[in-house]
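I opened this model to look up its side-chain contacts. My entries follow.

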Amino acid sequence: MTSSAKESNTHRGRYSEPVQNHWQKNIILFRYYQASVIFFLIDPHEYLNAFQVPTSNLINDEAGFPEFEFFDDQAMPRSNAPSGDALSVVKVDMCQSINKPNHYTVAYNIKNLVVRRGKQFVIRITFNRPIIKGDDFQVEFVIGSNPSPSKGTLLVVTFGDREGSSWSGTILEEQGESVILGITPTANAIVGKFRTYVAVIAGNSIQRTKRDARTDLYLLCNAWCPEDAVFLKDEAERKEYILNDNGIIFQGDVNAVSESDWVYGQFEMGILDACIYILDRSRIPISTRGNVVQLVRMASAMVNSQDDYGVLVGNWGGDFSMGKPPTSWTGSVQILLQYVNTGVPVCYAQCWVFAGVFNTLLRCLGIPARVITNFNSAHDNTGNLRTDLIFKMDGSPDRRHTTDSIWNYHCWNEVFINRHDLPPHCSGWQVVDATPQETSDGFYRCGPSSVNAIKDGLLCHPFDCGFVFAEVNSDVVYHKRDRYGTLSAFKVDKTYIGKLICTKAVGKYERLDITRNYKYLQGNTILLKNEKNQQCVNKLKDIYFLHLCPSLQVQMCQDVILAVDFQNQGDLPKTVQAHLSESVIFYTGVTANHFKDYDFTVTVPAHQSEKHLKEKEYLPHLGTQVSLRFVVTGQADEQSLTAIKVVELQTPHLTVEASGQLQVQKEMFVTASFTNPYSFPLQDVIVAIEGSGLISYKTRFYSVIEPQASYSWTESFIPRLEGQRRLVAVMVCSNLGRLGQSSLPAQRYKKNT
């Protein structure tokens, strides 16, 4: 550097878990709920084994599956008595070099075989001699403890006339002592880590191979298999929604949409085991992990720590001293590895972090998934499918009695599932949301909700369609509350909520507008009606707010020139008694700092418009937030008026450069640089760099960056994966929050020849 040059939230209905720590073998959890503090002392093993139904995939009791056993005394011999040398297994080869390319799993940085269900994979077994007629052997795949064929946790694959399990097997080739076998799991098989045994049957006994961790295999969902519930027809979409380990998440304001890179990193070392660990912690029975609907529903609860000690602690406040600010994360890898290594929820997250981590888990398990952003997203606390905003009689917002909120944006996930539990038109993209907002069947989770059902207003279908419908398509009803608590609606806005719904485009780092997937164009809607709301709309006929400016992007520390534009459609002049409320808000719509109220009067000539200008000085009140909200209310005769404008302040970008040869296993360098453009120093600056398949999460700390001072940080890395790759850098500080993010355009890395 050169010298020259948090979850707490005031919104009711939420609580936080800001402190979690390990102490020896026990976990101490401090949970804050409103004004109460509750202490839990939990033994992790007791927590996982609280239910008798097997729920652990990674921790198993091997003693229950013997290497040698006799059949029932009354049972007939399963094969003829051996003649000559008894058949025995010398070696089991999982043929990774053949299977991984065929199953699109080469990128997984793991020593074991990873395959997808519903598609054949091959293994090579070497015996002590060539097999002959009368030899009998089988391959057994076991998952979890107390394996059972009836529950699908013990799969016996046979290769003769003898009947086996639902998985099929065939002898593809015999080469002396070696046999190449083809094995096909069912398309609804359990997702997880299986142990592999080869068993030889001789007379009235069975001899299995010893436990060998090298022959364990991971079984994933298969979007390439038409019989799998996650089958996706389009190859480009399969590459995007399963195989792409980088993405962009849209944020900001509907009038100033910004994008942030996110490193999903589903193929990085340790991530697949971390995802299975999360399923274990969810206590979902192993026998049900082949059902994608149940799997994603429980997983959505486990990504947040609100009620089940899950991955991430939410924090929509400003105090992140017990962890990392949500804006400092560049991807999911560091979060998941920290969680699985400590067993403690990671601090902190907001909606895009929940969505990014959940997307990693889903793609890692083979489920097509994408991150969605809904701008002007409603949070309906009352369940009336309406967003109610309450004002005092003087026109100022009544924050005490307003329980609903409108987020600048909200991120969730979509998964592609063929819903056999619903009518056919409800299959396809489903909403799942890991951000803890409301409970669903006792857990903080949401979905899967059919997007098609939400669009058609079919809110009876499971799960949580009504809540998502309100997020994207509820009416905003403006009320005035008198001194006696009586509410009178004076305006209904049917177009404000769900203004833009978007995701990353397939194969491109661009925005794809999917608003029409969720709602019909205004005027053609078949959605729910409310007669009282419609009557309120009909009252507004003489004068209304045209708009509030600015509509352009505003850089942080620049003045905001606010223009309130009125238009009079009547035949007589109108005098408007107006009130302007100014606040710094969290992106969730909750007020962080209300800093000014301003009354003014405007006379609007008949059939003309009138503009009222005011310059805003907001910096002393900003803190770490970047959103300003201006609310104008007015009274003209008996007509009440209102308009809302949210301004998302823009922050400067980092400069990121890479040097070296774009080749796998060749050393390269990445440099992040920044100059402080402000007139005040930046405190406690953290810079992070990450690139999936390129460089793991790295950080650098600067205690202070003086005004106009610069820094430059260079880090070396060795690319691991070929193909299109991106490097991402982010920078945060304690006095302004996130300062900027930058990424290098995707570059193609070649194999080391």
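**Salt bridges**

I searched for salt bridges and got 23 in the structure. My cut-off was a side-chain nitrogen of Lys or Arg within 4 Å of a carboxyl oxygen of Asp or Glu. The model is predicted, so local features need pLDDT of at least 70 and side-chain atom pairs count only at pLDDT 80 or more, while totals for chains, interfaces and linings use all residues. Residues are numbered from 1 along each chain as its sequence is written, and side-chain values use heavy atoms, with hydrogens and water left out.

I took Glu140 and Arg208 to begin with. Their side chains meet in a salt bridge at 2.6 Å, N to O. The pair links distant parts of the chain, with Glu140 in strand β8 (residues 136-142) and Arg208 in strand β13 (residues 205-208), 68 residues apart. Here strands (E, at least two residues) and helices (H or I, at least four) are DSSP runs, numbered from the N terminus.

Are Glu140 and Arg208 buried or exposed? Glu140 is buried, at a relative accessible area of 2%. Arg208 is buried too, at 8%. I used under 20% relative accessible area for buried, over 50% for exposed and partly exposed in between, with a 1.4 Å probe and protein chains only. I also noted a network of salt bridges that links Glu69, Glu140 and Arg208.

Next I checked Asp280. Asp280 forms a salt bridge with Arg289, and the closest N and O atoms are 2.9 Å apart. Asp280 is buried at 4% relative accessibility. Arg289 is buried at 1%.

Then I looked at Asp388 and Arg386, whose side chains meet in a salt bridge at 2.9 Å, N to O. Asp388 counts as buried at 11% relative accessibility. Arg386, at 22%, counts as partly exposed.

**Aromatic pairs**

I ran a ring search over the whole structure and found 27 aromatic pairs. Rings of Phe, Tyr and Trp (its six-membered ring) pair if their centres lie within 6.5 Å; planes under 30 degrees apart are stacked, over 60 edge-to-face, the rest tilted.

Phe121 and Phe141 form an edge-to-face pair, 6.1 Å centre to centre, with 80° between the planes. This pair also links distant parts of the chain: Phe121 is in strand β7 (residues 121-127) and Phe141 in strand β8, 20 residues apart. Phe121 is buried at 0% relative accessibility. Phe141 is buried, also with a relative accessible area of 0%.

Tyr277 and Tyr339 form an edge-to-face pair, 5.7 Å centre to centre, with 65° between the planes. Tyr277 lies in helix α4 (residues 271-281) and Tyr339 in helix α6 (residues 333-342), so the pair ties together parts 62 residues apart in sequence. Both Tyr277 and Tyr339 are buried.

Which residues do ring pairs link into a cluster? I listed Trp316, Trp352, Phe354, Phe375, Trp407, Tyr409 and Tyr587.

**Charges over rings**

I required NZ of Lys or CZ of Arg within 6 Å of the ring centre and within 35 degrees of the ring normal. Lys455 lies over the face of Tyr520, 4.6 Å from the ring centre. The charged end of Lys491 sits over the ring of Tyr478, 5.2 Å from its centre.

**Strand β15**

I found 8 of the 8 residues of strand β15 (residues 246-253) buried, so this strand is largely enclosed by the rest of the structure. Strands β15 and β16 (residues 256-263) run antiparallel, joined by 8 bridges. Pairing of two strands needs at least two DSSP bridges between them. The two form a hairpin with 2 residues between them. Gln251 stands opposite Ser258 in β16.
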